[in-house]
Amino acid sequence: MKTEGTMYDLVIVGAGPYGLSVAAHAAAHGLNLRTFGRPMESWRAMPSGMFLKSEPWASHLSDPRGAFGLDTYARTRGVRAEHGVPLPVGFFADYGDWFARQTVPPLDERLIRSVTPHAGGFEVVTGDGEIFRTRTVALAVGVLPFMEIPGPLRGLPRGYVTHSSHHGELDGFTGRDVTVVGAGQAALETAAILTEQGARARILARSDRLNWNTLPPALDRGLWQSLRAPHTGLGCGWHNRLYADTPGLFRRLPAPTRERIFGSALGPAGAWWLRERFAAVADVRLATHLVSAEPTDDGRLWLDVSGPDGPSALETDHVIAATGFTPRLDRAAVLAPGLRKSLRTVGPGGAPEVGALFESSWPGLFLAGLLTAPSYGPSMRFVFGAGYTAGRLVRGVRQHLRATAGRGGLGRPRSGDTRTPASRA
């Protein structure tokens with residue numbers, strides 16, 4: 001394999017909202033960096049009929065001057081980014097491309113095969129086998145590695161079962177019977193689009209009712225109403241204000257409290273603007289659990305379910321699991337196995353513990369996005385969290401570079417483990 005001779009200050013793995021935001025801050029500070037990944041890949045993979053759930057003013061990528069927000073890009077396109085008016089996900093993906101052109105060095109769109117500790121930092125290997133050396137790594141791989149598939153559906157071929165994030169356009173299901181599992185925005189919007197495109201779509205949901213976000217109140221609505229339920233990038237209310245504005249305080253909460261909030265806050269709900277479209281979905285089965293799934297001889301899928309009236313069964317052509325993402329460290333396969341096993345974790349899901357400046361327990365390995373949500377709270381599940389993350393993470397990188405400059409840059413594991421980094425990978 002070819003090894004590039006440059007020793008980078010920072011390699012960023014991932015080019016979604018978090019990766020691009022970190023890259024913008026790192027470039028502004030003059031770090032010698034390289035960013036790998038296909039820009040806004042997961043956003044481009046969504047069906048064209050989908051819209052942003054977040055408000056435009058809460059969907060900015062982060063640059064140090066705040067000069068390249070979504071509203072600025074919208075003006076270049078002659079579009080008004082207005083409160084209460086949803087924007088297409090394709091428009092947001094185009095914004096990410098524009099942001100990258102304005103703020104970061106050219107991206108390397110190759111995927112990364114592995115990140116392994118090495119003397120002085122890390123070795124990063126691309127999918128085609130080229131090796132890069134770097135003093136620090138920022139892992140910003142988005143949500144796709146962490147997709148959650150219900151147990152009864154795991155292991156079934158893609159012809160029978162897919163995750164909602166697997167799909168671009170959904171027109172290939174026209175005329176087919178499709179069962180969507182879930183009760184959040186992805187499930188409800190997927191079912192609505194399938195119905196609009198001529199599929200027979202149904203919802204299976206464990207919850208006993210569907211939750212819908214309400215029409216957001218005006219930004220300027222008077223002091224009393226603003227005090228009662230302040231606007232935040234995660235919705236109105238004082239709880240959301242805590243999650244949105246003080247992730248650092250969230251990190252200091254007792255571990256059981258963080259786990260409880262992470263598992264329950266900002267739960268599944270549909271956007272207010274989707275409700276009318278969703279009304280066309282005729283088959284909605286609530287308080288229903290999927291018990292088992294088995295292919296039939298004629299290429300369909302037999303589902304055993306348990307609902308309010310007891311056990312029942314149905315046949316369907318395909319199941320789409322719109323069941324979200326779980327930030328488990330064991331799903332971050334890009335990290336070498338020894339490195340993964342060495343990291344301290346938080347919570348029952350096995351997410352990595354993250355320090356005050358987004359550094360993992362392995363010096364020089366920084367994390368961004370969903371993987372940090374059990375440490376920093378619900379805002380890290382959304383684009384909004386990139387604004388809090390990017391500048392602090394790059395500050396942590398710079399501190400690490402200064403601290404290691406006088407001792408050869410060798411990162412050492414914490415928690416009293418005296419093995420060398422190379423021996424642990």
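Reader: In this predicted model, which residues of helix 13 are the buried ones?

Author: The buried residues of helix 13 are Ala-386, Tyr-388, Thr-389, Ala-390, Leu-393, Val-394, Gly-396, Val-397, His-400, Leu-401 and Thr-404, and what covers them includes strand 1 (3-13), helix 1 (17-28), strand 5 (131-139), helix 8 (247-251), strand 16 (365-367) and helix 12 (373-376).

Reader: Why is Tyr-388 called buried?

Author: Tyr-388, which is found in helix 13, has a relative accessibility of 17%, and because buried means under 20%, Tyr-388 counts as buried. Leaving aside neighbours within four places in sequence, Tyr-388 is in contact with Pro-247, Gly-248, Phe-358, Tyr-376 and Met-380.

Reader: What makes up the lining of the second largest pocket, by class?

Author: The lining has seven nonpolar, five polar and two charged residues, and its largest share, five residues, comes from helix 9 (residues 255-264). The pocket has a volume of about 170 Å³, and of the 14 lining residues the closest to its centre are Phe-262, Gly-347, Pro-348, Gly-349 and Pro-374.

Reader: Where does pLDDT stay under 50?

Author: The mean pLDDT of the chain is 90, with 95% of its residues at 70 or more, but pLDDT stays under 50 over residues 409-425. Where pLDDT is low, the predicted coordinates should not be read in detail.

Technical notes:
Residues are numbered from 1 along each chain as its sequence is written. This is a predicted model: local features need pLDDT of at least 70, side-chain atom pairs count only at pLDDT 80 or more; totals for chains, interfaces and linings use all residues. Side-chain values use heavy atoms; hydrogens and water are left out. Buried means under 20% relative accessible area, exposed over 50%, partly exposed in between (1.4 Å probe, protein chains only). Helices (H or I, at least four residues) and strands (E, at least two) are DSSP runs, numbered from the N terminus. Contact means heavy atoms within 4.5 Å. On a 1 Å grid over the protein atoms alone, a cavity is a set of points where a 1.4 Å probe fits but cannot get out, and a pocket is an open set with protein on both sides within 12 Å along at least five of seven lines; lining residues have an atom within 4 Å of a point. Grid points are joined across faces, edges and corners, and a volume is the space filled by probe spheres set on the points. Ala, Val, Leu, Ile, Met, Phe, Trp, Tyr, Cys and Pro count as nonpolar, Asp, Glu, Lys and Arg as charged, and the others, Gly among them, as polar. pLDDT is the predictor's confidence in each residue, from 0 to 100.
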